[in-house]
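Colleague: Before I use any of these labels, I want to see what each one rests on. Please take me through them one by one.

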Amino acid sequence: MSQASESVNDVWSAIWVSIVSEIWKHRNSIIFNRGVIDVSEVFASMQVKVWSWFVAKSNSVYFPYSSWVLNPLACMRLFH
């Protein structure tokens, strides 16, 4: 497997883990803390988590959070 495809797989894996973990965390909040369903909160938390993982993991690629929020696909292309 090439370095580029490993990077793309890492990006998609980070997104998948982020989605699942944020849904799980939100579910626990609803069950144990009498929280309410808030899809926008889950989505925003997922965006922050994925962006922070990318920034922490990559030494060669950086993009500001605002770029990630406005155009995540363009940011993901930087990992190719």
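Modeller: The chain averages a pLDDT of 87, and 91% of the residues score at least 70; pLDDT is the predictor's confidence in each residue, from 0 to 100. This is a predicted model, in which local features need pLDDT of at least 70 and side-chain atom pairs count only at pLDDT 80 or more, while totals for chains, interfaces and linings use all residues. Residues are numbered from 1 along each chain as its sequence is written, and side-chain values use heavy atoms, with hydrogens and water left out.

Colleague: Where in the chain is confidence lowest, and where is it highest?

Modeller: Helix 1 (residues 3-33) has the lowest confidence, at a mean of 86, and helix 3 (residues 65-70) the highest, at 94.

Colleague: How many helices and strands does the chain have, and what makes a run count as one?

Modeller: There are 4 helices and 0 strands. Helices (H or I, at least four residues) and strands (E, at least two) are DSSP runs, numbered from the N terminus. In sequence order the pattern is α-α-α-α, and the C-alpha trace spans about 45 × 30 × 20 Å along its principal axes.

Colleague: Why is the pair of Trp51 and Tyr65 called edge-to-face?

Modeller: Rings of Phe, Tyr and Trp (its six-membered ring) pair if their centres lie within 6.5 Å; planes under 30 degrees apart count as stacked, over 60 as edge-to-face and the rest as tilted. By this rule the count comes to 4 aromatic pairs. For Trp51 and Tyr65 the ring centres are 5.5 Å apart and the planes stand at 75°, so the pair is edge-to-face. Trp51 lies in helix 2 (residues 39-57) and Tyr65 in helix 3, so the pair ties together parts that are 14 residues apart in sequence. Phe54, Phe63 and Trp68 form one aromatic cluster.

Colleague: Is Tyr65 buried, partly exposed or exposed, and how do you know?

Modeller: Tyr65 has a relative accessible area of 29%, so it is partly exposed. Buried means under 20% relative accessible area, exposed over 50%, and partly exposed in between (1.4 Å probe, protein chains only). Of the 80 residues of the chain, 25% count as buried.

Colleague: What places Arg27 over the face of Trp24?

Modeller: A charge sits over a ring if NZ of Lys or CZ of Arg is within 6 Å of the ring centre and within 35 degrees of the ring normal. Arg27 lies over the face of Trp24, at 4.5 Å from the ring centre.

Colleague: What makes Asp10 and Lys57 a salt bridge?

Modeller: A salt bridge is a side-chain nitrogen of Lys or Arg within 4 Å of a carboxyl oxygen of Asp or Glu. The closest N and O atoms of Asp10 and Lys57 are 3.2 Å apart, so the pair qualifies. At 38% relative accessibility Asp10 is partly exposed, whereas Lys57, at 59%, is exposed.

Colleague: How many salt bridges does the structure hold, and which residues are joined into one network?

Modeller: The structure holds 3 salt bridges. Glu22 forms one with Lys25, the closest N and O atoms being 3.5 Å apart. Glu22 and Lys25 are 3 residues apart in helix 1, which means a separation of about one helical turn. Lys49 also forms a salt bridge with Glu22, with the closest N and O atoms 2.8 Å apart. This pair links distant parts of the chain, with Lys49 in helix 2 and Glu22 in helix 1, 27 residues apart. Salt bridges that share partners join Glu22, Lys25 and Lys49 into one network.
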